[in-house]
Amino acid sequence: MNIDRMEFIAWMERIMDRFDILSEHITDIQKKRNNIDGEELLDNQDLLQMLKISNRSLQRYRSTGKLPYYTISGKIYYKLSDVHQFIRDSFNAPRQNLKPTNDNTCQLKSLCE
């Protein structure tokens, strides 16, 4: 079968247009699947990479109730807003410098005992 160059280019353009349509469709499906009530859902792998923690640490946060999670079809998901709240709650209060008072006692008794 022989085709001329122009016909071949037209076929390739149609194929590329179909690939673009399929790519957009796949992207739309992924966005819908990973959202609930308009909020992004993260899976375990996303969270492990984001927080740079071990799988066991993530399991501990779930078990202790520090990090809310949702199970959908046997897979665990986390709402992005819950993850942000977990991060805010996990920040330590800034440490105050301990300066001895005039009578050489510590200003923060709980830290000096």
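The model is a predicted one, in which local features need pLDDT of at least 70, side-chain atom pairs count only at pLDDT 80 or more, and totals for chains, interfaces and linings use all residues. Residues are numbered from 1 along each chain as its sequence is written, and side-chain values use heavy atoms, with hydrogens and water left out.

Let me begin with the fold. The protein chain contains 5 helices and 4 strands, these being DSSP runs numbered from the N terminus (helices: H or I, at least four residues; strands: E, at least two). Read from the N terminus, their order is α-β-β-α-α-β-β-α-α. Among contacts with a separation of 6 or more, 41% join residues 24 or more positions apart; a contact here means heavy atoms within 4.5 Å.

The chain has 113 residues, of which 14% are buried (buried is under 20% relative accessible area, exposed over 50%, partly exposed in between; 1.4 Å probe, protein chains only). The accessible surface is about 9,800 Å², and carbon and sulfur atoms contribute 51% of that area, by the Shrake-Rupley method with a 1.4 Å probe. A nonpolar surface patch of about 910 Å² includes Ile3, Trp11, Phe19 and Leu22. Such patches take residues with over 30% relative accessible area and no salt bridge, nonpolar side chains being joined within 5 Å. Leu22 lies in helix α1, residues 5–33, and is partly exposed at 48% relative accessibility.

Next, the charged side chains. The count is 1 salt bridge, defined as a side-chain nitrogen of Lys or Arg within 4 Å of a carboxyl oxygen of Asp or Glu. The partners are Asp43 and Lys75, whose closest N and O atoms are 3.3 Å apart. Asp43 is buried at 16%, whereas Lys75 is partly exposed at 38%.

Finally, the aromatic rings. There is 1 aromatic pair, with ring centres of Phe, Tyr or Trp (its six-membered ring) within 6.5 Å; planes under 30 degrees apart are stacked, over 60 edge-to-face, and the rest tilted. Tyr61 and Phe86 form a tilted pair, 4.8 Å centre to centre with 55° between the planes. Tyr61 belongs to helix α3 (residues 55–63) and Phe86 to helix α4 (residues 80–90). Tyr61 is partly exposed at 22%, while Phe86 is buried at 8%.

Conventions:
Patches are made of residues with over 30% relative accessible area and no salt bridge: like charges are joined within 9 Å, nonpolar side chains (Val, Leu, Ile, Met, Phe, Trp, Tyr) within 5 Å.
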